[in-house]
2 protein chains.
Amino acid sequence: MSEKPRVSLAVVKRLPKYYRYLGLIADKGIIRVSSQELSKITGLTASQIRQDLNHFGGFGQQGYGYNVEELKSEIEKIIGIDKSYKAIIVGMGNIGQAIYKYRGFNEASGFKIVGLFDKDKNTIGRTMSGIKVNDIKNINKFLQKEDVDIAVVAVPADSAQEVCDILVEGNVKGIWNFAPIDLKLPKDVVLENVHLDESLFTLTYYMNNLKDYPGTKN
Amino acid sequence: MSEKPRVSLAVVKRLPKYYRYLGLIADKGIIRVSSQELSKITGLTASQIRQDLNHFGGFGQQGYGYNVEELKSEIEKIIGIDKSYKAIIVGMGNIGQAIYKYRGFNEASGFKIVGLFDKDKNTIGRTMSGIKVNDIKNINKFLQKEDVDIAVVAVPADSAQEVCDILVEGNVKGIWNFAPIDLKLPKDVVLENVHLDESLFTLTYYMNNLKDYPGTKN
DNA sequence: TAGATTGTTAATCGATTAACAATC
DNA sequence: TAGATTGTTAATCGATTAACAATC
């Protein structure tokens, strides 16, 4: 009855990095890679890389290393990029529009954008690359008809919580939040924040406190 | 001759959060706040809050707590938001444009955007809210005339390093990078990454591995 | 003064690194 | 077989939490 310890946030945040580098070396036609070689290109320690990967299974082989394609495909599955996701974007301001056009967030990458929503009368009804922007008031009805996995929240901070409550009600499973606020969500709805303000302030902090700057450990 | 230990990344990443909440409670007209009250609204422990703040000085008072305005203004100085910064944006695609229009990154917030650059012939020469988009080839010359503190890098991954080398040469002090790549910079040029791909993959990981999801600890 | 709450030290917890036996 | 490199345990390091004396 012993339960596995949960995989820590630190490990999870490194997975996309592994995936990115494996893509790069796969593109070079490289077949095998050792933790030591991965260490050199990623800047992480070989020990940490082996430790991380072993949370998910023994993908390597003693004396050989890891098969690049195989490891890449395993990580793909672990991250869940092998699946496809239906998404909507709420708030079609600067950020919302940028995410809509963002290359990493389209059907080719497994994310199908099925709805766009905004509050502004001038934006509602406009067609953006084939999708008509819907009134934010209709999200509710929309979610009853359509099974949406992910909602991008790109509305102002003061309406973000309200929007999320509706999204949760509509059975959205993950929220990619760009509003500068800490949202309250039930624990089975996954939240991932992109807090641009915090990122920018981290930059200015280190510009003013170079002595604390750890180099690129972040 | 004992040197202070550097302030850890974990602490630095929490400072903007303190600043944000202090702004909110200051707006409510609240005068004083205890670490316990801050704990309740931020979700961090009171112990951690006191520990964090004491890296920078004893801003509180026993039996009283912290003066909201004073603490806010101290953190402002620590983060460096009291200063003003000259910035350029390199790459005027979706992300570059969104950042240009982003409310948190304009003169009112202390960031003066003095130049926009792109590689694309159709974009160069266009005027965006008063600034003409310049050819990326001219960054070099531009930086010789103008003292730029921060450069936003929003070009494709495969040209990001090349662009950064020019920025470093031109004495830029901080780089806010949106390209999905780990840049190599001298250690006195501060790098802050916004890796949207990694953020999105963290979201899908937890959607597929709810058992590991720590709630909103990130 | 009595109560409240900080600043700070000590204890705990968790993540990273080192080491090495297992094994391809 | 000999060499290489993993998987995994143990040691170290660092960050968080608990506790409490200092003090407003």
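I take buried to mean under 20% relative accessible area, exposed over 50%, and partly exposed in between, with a 1.4 Å probe and protein chains only. Helices (H or I, at least four residues) and strands (E, at least two) are DSSP runs, numbered from the N terminus.

This is a predicted model, in which I read local features at pLDDT of at least 70 and side-chain atom pairs only at pLDDT 80 or more, while totals for chains, interfaces and linings use all residues. Residues are numbered from 1 along each chain as its sequence is written, chains are lettered from A in the order in which they are written, and side-chain values use heavy atoms, with hydrogens and water left out.

**Entry: chain A overall**

I looked up chain A and found 8 helices and 9 strands in its secondary structure. Its C-alpha trace spans about 65 × 45 × 45 Å along the principal axes, and 51% of its 218 residues count as buried. Taking contact as heavy atoms within 4.5 Å, I noted that, among the contacts in chain A with a separation of 6 or more, 53% are between residues 24 or more positions apart.

**Entry: strand S10 of chain B**

I then turned to strand S10 of chain B, residues 190–193, and found both of its faces covered. Val190(B) and Glu192(B) lie on one side, Leu191(B) and Asn193(B) on the other, and all are buried. In a regular strand the side chains alternate between the two faces of the sheet.

Two strands pair if DSSP finds at least two bridges between them; strand S9 of chain B, residues 174–177, is joined to S10(B) by 4 bridges, and the two run parallel. I followed one of these bridges, in which Gly174(B) has Val190(B) as its partner in S10(B).

**Entry: where chains A and B meet**

The contact between the chains takes 69 residues from chain B and 69 residues from chain A. The size of an interface is often given as the accessible area lost when the parts come together. Arg20(B), Phe201(B) and Tyr205(B) supply 10% of the area that chain B buries against chain A, more than any other three residues.

I also looked up the polar contacts, each a pair of N or O atoms within 3.5 Å; within protein, one must be able to donate a hydrogen and the other to accept it, and residues adjacent in sequence count only if both atoms are side-chain atoms. Between chain B and chain A, 30 residue pairs are in polar contact, both residues being at pLDDT 80 or more. The elements giving two or more residues to the side of chain B that touches chain A include helix H1 (9–27), S9, S10 and helix H8 (196–208) of chain B, and H8(B) gives the most, with 13 residues.

Within H8 of chain B I picked out Thr202(B), which is buried at a relative accessible area of 2%. Leaving aside its neighbours within four places in sequence, Thr202(B) is in contact with Val12(A), Lys13(A), Pro16(A) and Glu192(A).

Side chains of opposite charge can pair when their charged atoms come close.

Arg20(A) is buried at 12% relative accessibility, and Asp182(B) is buried at 15%.

Glu198(B) also forms a salt bridge with Arg20(A), the closest N and O atoms being 2.7 Å apart; Glu198(B) lies in helix H8 of chain B and Arg20(A) in helix H1 of chain A, so the pair joins two chains. I recorded Glu198(B) as buried, at 15% relative accessibility. Lys17(A), Arg20(A), Asp182(B) and Glu198(B) are linked in a network of salt bridges.

Finally, Arg20(B) and Glu198(A) meet in a salt bridge of 2.7 Å, N to O. Arg20(B) counts as buried at 12% relative accessibility, and Glu198(A) counts as buried at 14%.

Notes: Buried area is the accessible area (1.4 Å probe) that two parts lose on being put together, summed over both. A salt bridge is a side-chain nitrogen of Lys or Arg within 4 Å of a carboxyl oxygen of Asp or Glu.
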